[in-house]
Amino acid sequence: MSLSAKEVKATSSGCVYLIGAGPGDPELLTLRAARLLQRADVVVYDNLVSADVLDFLPAGAERIYAGKRRNEHTMRQEQINALLVKLAGEGKRVVRLKGGDPFIFGRGGEELQTLAAHGVSFEVIPGVTAASGVSSYAGIPLTHRNYAQTCLFVTGHLKDGTADLDWHSLVRPNQTVVIYMGLSGLPDICQRMVHHGAPTDLPVAVVQDGSTKTQKVVTGTLSTIAERVSAQKLKSPSLTIIGNVVKLHAELAWFKTVASSA
Ligand code: SAH
């Protein structure tokens, strides 16, 4: 099978580095991510990438914001895919930078499928996913021999606005449930878990801006958390952690933020 001139150019030149930027604190970047950022020609980055992480880029690197706030997509996914193919075809060292880990609720796989179909070479650099980074900075171990032997990562962002999760698996005892993108659906999620048999006093934490100076942790139970989160006016990005491990927050919280030192 022969390649078109354009395809030959793409395969013989640029490369796309799909990099996980971690949850916010730039110290959580991997060494490989930090090194590649310093050598990038162009970076295409998402909403969740913190300004401190972008500071690793060389002054001359072109920065393209691809957006993706909830309900406010600056660039459509297909446009992002096409842009990555085009930039690599121009022979550039392209960094595609995503919050957390690109393969966890990050659509990284979809972007790579397009690159693969166009013969563009790529590499994946994992990042610290929010579940891991945010829970660490909140002092909530996701597993603990006394409380949880299983941990589930689920998305609370649901296509038609209603939660369509496997509720029976979510309410099993001795496990921790971590919900990405679940802030607006929180009241519904808590109600449904109780409806499917979870105890109303099951501890819940919601962490906003985890691992950054503005980190906020709100704790409660399945019956109280939605009201507390709304009273504290938590915003996105926020991660929800459900399970008895949340009890450990009171004992293990170590990270000092602006709010906690005020
Ligand atoms: N690929 C990312 C997740 C993208 S989905 C990762 O691996 O972390 C976006 C969701 O991640 C947010 O809605 C929020 O639930 C969570 N999240 C990401 N960064 C966060 C942070 N610093 N604090 C709290 N939640 C965060």
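Colleague: How many salt bridges does the structure hold?
Modeller: The structure holds ten salt bridges, each being a side-chain nitrogen of Lys or Arg within 4 Å of a carboxyl oxygen of Asp or Glu.

Colleague: Before we go on, what are we working from?
Modeller: It's a predicted model, where local features need pLDDT of at least 70 and side-chain atom pairs count only at pLDDT 80 or more, while totals for chains, interfaces and linings use all residues. Residues are numbered from 1 along each chain as its sequence is written, and side-chain values use heavy atoms, with hydrogens and water left out.

Colleague: Ok, which residue does Glu123 form a salt bridge with?
Modeller: Arg32, and the closest N and O atoms of that pair are 2.7 Å apart. The pair links distant parts of the chain, with Glu123 in strand 5 (residues 121–125) and Arg32 in helix 2 (residues 31–38), 91 residues apart. Helices (H or I, at least four residues) and strands (E, at least two) are DSSP runs, numbered from the N terminus.

Colleague: And what's the relative accessible area of Glu123?
Modeller: 27%, so Glu123 is partly exposed. Arg32 is partly exposed too, at 38%. For the cut-offs, buried is under 20% relative accessible area, exposed is over 50%, and partly exposed is in between (1.4 Å probe, protein chains only).

Colleague: What about Glu111, which side chain does it meet in a salt bridge?
Modeller: Lys98, at 3.2 Å from N to O. Glu111 sits in helix 5 (residues 108–117) and Lys98 in strand 4 (residues 93–98), so the pair ties together parts that are 13 residues apart in sequence.

Colleague: Is Glu111 buried or exposed?
Modeller: Buried, at 2% relative accessibility. Lys98 is buried as well, with a relative accessible area of 2%.

Colleague: Which residues are in the network of salt bridges?
Modeller: Asp46, Arg96, Lys98 and Glu111 are linked in it.

Colleague: Switching to rings, how many aromatic pairs are there?
Modeller: Six. Phe153 and Tyr180 make a tilted one, 6.0 Å centre to centre with 55° between the planes. Rings of Phe, Tyr and Trp (its six-membered ring) pair if their centres lie within 6.5 Å; planes under 30 degrees apart count as stacked, over 60 as edge-to-face and the rest as tilted.

Colleague: Where do Phe153 and Tyr180 lie?
Modeller: Phe153 is in strand 6 (residues 150–155) and Tyr180 in strand 7 (residues 175–180), so the pair ties together parts 27 residues apart in sequence. Phe153 is partly exposed at 34% relative accessibility, whereas Tyr180 is buried at 8%.

Colleague: Which residues do ring pairs link into a cluster?
Modeller: Phe105, Phe153 and Tyr180.
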